[in-house]
Amino acid sequence: MVKRFIVYFVFLYIMLAVVPAFVEDRQEEVIVKAPVKEEVYDFDELEDYVTGVVAAEMPAQFNDEALKAQAVCARTYAIRYMEENDSNEIPYDIYQAYCTVNDMREKWGDDFEKYYSKISSAVEATRGQIMIYDNEPVLAVFHSMSAGRTENSENIWGGEIDYLKSVDSSFDERSPGFVSEKSFTEEEVKNCLKNNDASIVFEGEPITITERTQAGYVKSVKAGNKNYTGRQIREMLGLRSANFDISYTGGNIIFTTKGYGHGAGLSQYGANHMAEAGSTYIDILKHYYTGIEFAKIKLKI
């Protein structure tokens, strides 16, 4: 009886002490591969910067896992820029919004402590983590919400990027402001396009859609005697996205858009819906960035 108790105690000790450590090591191995390069980055400044980006770019009310995903995106985007420019200086002027602590206090008012703590915790939980592809930091672009699917990079910027592929993001259809309308007079549209190209000539309907991408975004548009991409029309007319329909009524042209933003990479609202449904930030990032892995950069403590 005593011998059996000893055997049971040894077995229980192994299960409680050794097995959890093994599981933890395996989880770390899956999430974190290796440093990308040998650079050592200042932890305090970099992570403070990431906190400021998350505070500026994503609603603080979002699920913790969505905030973690945004933190990894912000950190990856910055590290990629720094490595491309052979610099260890934090790039505050790249295409990411940024909030100082004072900005956050003004933005959140009485809720500052709550939201600052929430975002700081999300940043700390992903400390030093970035996304990589072929052992290089990815171009971690993101947008507010897709039009139901994200878009291939080549349909936006002209260059194919392996990890920026169209994926399902139908969760976005439940987001506030998913569908919106913007109305112009025909003259307003014509004048806007003429300001871009004085040689344009109009006959019949000023503007028509001629082709869409597989994700539903407008690929090409016929405007007068000129051809434009959907992205160009979106930028010239200030539309929420390049996924739009055009209708004519009473001398007005109505653009009905779906989603908000360029449509590539992480959908922020999609990420929040995934998080609310139980996905982790790792699940979210692997969904929106095809075939990526994770690495930890070296940090000065």
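This is a predicted model: local features need pLDDT of at least 70, side-chain atom pairs count only at pLDDT 80 or more; totals for chains, interfaces and linings use all residues.
Let's start with Gln 96, which sits in the loop between H3 and helix H4 (101-108). For the overall picture, the secondary structure of the chain comes to 10 helices and 13 strands, and 45% of its 301 residues count as buried.

- Although Gln 96 is a loop residue, its relative accessibility is 6%, so Gln 96 counts as buried, the cut-off being under 20%.
- The side chain of Gln 96 makes a polar contact of 2.9 Å with the side chain of Tyr 49.
- The Gln 96 side chain also reaches a backbone atom, the oxygen of Ala 74, at 3.4 Å.
- Once neighbours within four places in sequence are left aside, the contacts of Gln 96 are Tyr 49, Val 53, Glu 57, Cys 73, Ala 74, Tyr 77, Ala 78 and Phe 142.

- Ala 78 belongs to helix H3, and its relative accessible area is 0%, so Ala 78 is buried.
- Leaving aside neighbours within four places in sequence, Ala 78 is in contact with Tyr 49, Pro 91, Ile 94 and Gln 96.
- Ala 78 and Ile 130 are 52 residues apart along the chain, and their C-alpha atoms are separated by 9.7 Å.

**How H3 packs against H9**

- Two packed helices are described by the angle between their axes and the distance between the axes.
- For helix H3 (residues 64-84) and helix H9 (residues 268-276), the angle is about 140° and the axes are 7 Å apart. That angle makes H3 oblique to H9.
- The crossing of H3 and H9 is right-handed.
- On the H3 side, the contact is made by Glu 65, Ala 66 and Gln 70; on the H9 side, by Gln 268, Ala 271, Asn 272 and Ala 275.
- Sorted by class, this contact of H3 with H9 has 3 nonpolar, 3 polar and 1 charged residues.

**How H4 packs against H5**

- H4 and helix H5 (residues 112-125) have their axes 9 Å apart, at an angle of about 125°. These two helices are therefore oblique to each other.
- H4 and H5 also cross in a right-handed way.
- H4 contributes Val 101, Met 104, Arg 105 and Trp 108 to the contact, and H5 contributes Phe 112, Tyr 115, Tyr 116 and Ile 119.
- Among the residues of the contact of H4 with H5, 7 are nonpolar, none is polar and 1 is charged.

**Ser 220, in a strand**

- Ser 220 is found in strand S7 (residues 218-223).
- With a relative accessible area of 18%, Ser 220 is buried, since the cut-off is under 20%.
- The side chains of Ser 220 and Thr 210 are joined by a polar contact of 2.6 Å.
- Not counting residues up to four places away in sequence, Ser 220 touches Ile 209, Thr 210, Glu 211, Tyr 228, Thr 229 and Gly 230.

**Contacts across the chain**

- Among contacts in the chain with a separation of 6 or more, 69% are between residues 24 or more positions apart.

Note on methods:
Residues are numbered from 1 along each chain as its sequence is written. Side-chain values use heavy atoms; hydrogens and water are left out. Axes are lines fitted to C-alpha atoms, for helices over the stretch in contact, and angles run from 0 to 180 degrees between N-to-C directions. Helices (H or I, at least four residues) and strands (E, at least two) are DSSP runs, numbered from the N terminus. Angles under 35 degrees count as roughly parallel, over 145 as roughly antiparallel, 65 to 115 as roughly perpendicular and the rest as oblique. A crossing is left-handed if the near helix is turned anticlockwise from the far one by less than a right angle, and right-handed if clockwise. Contact means heavy atoms within 4.5 Å. Ala, Val, Leu, Ile, Met, Phe, Trp, Tyr, Cys and Pro count as nonpolar, Asp, Glu, Lys and Arg as charged, and the others, Gly among them, as polar. Buried means under 20% relative accessible area, exposed over 50%, partly exposed in between (1.4 Å probe, protein chains only). A polar contact is a pair of N or O atoms within 3.5 Å; within protein, one must be able to donate a hydrogen and the other to accept it, and residues adjacent in sequence count only if both atoms are side-chain atoms.
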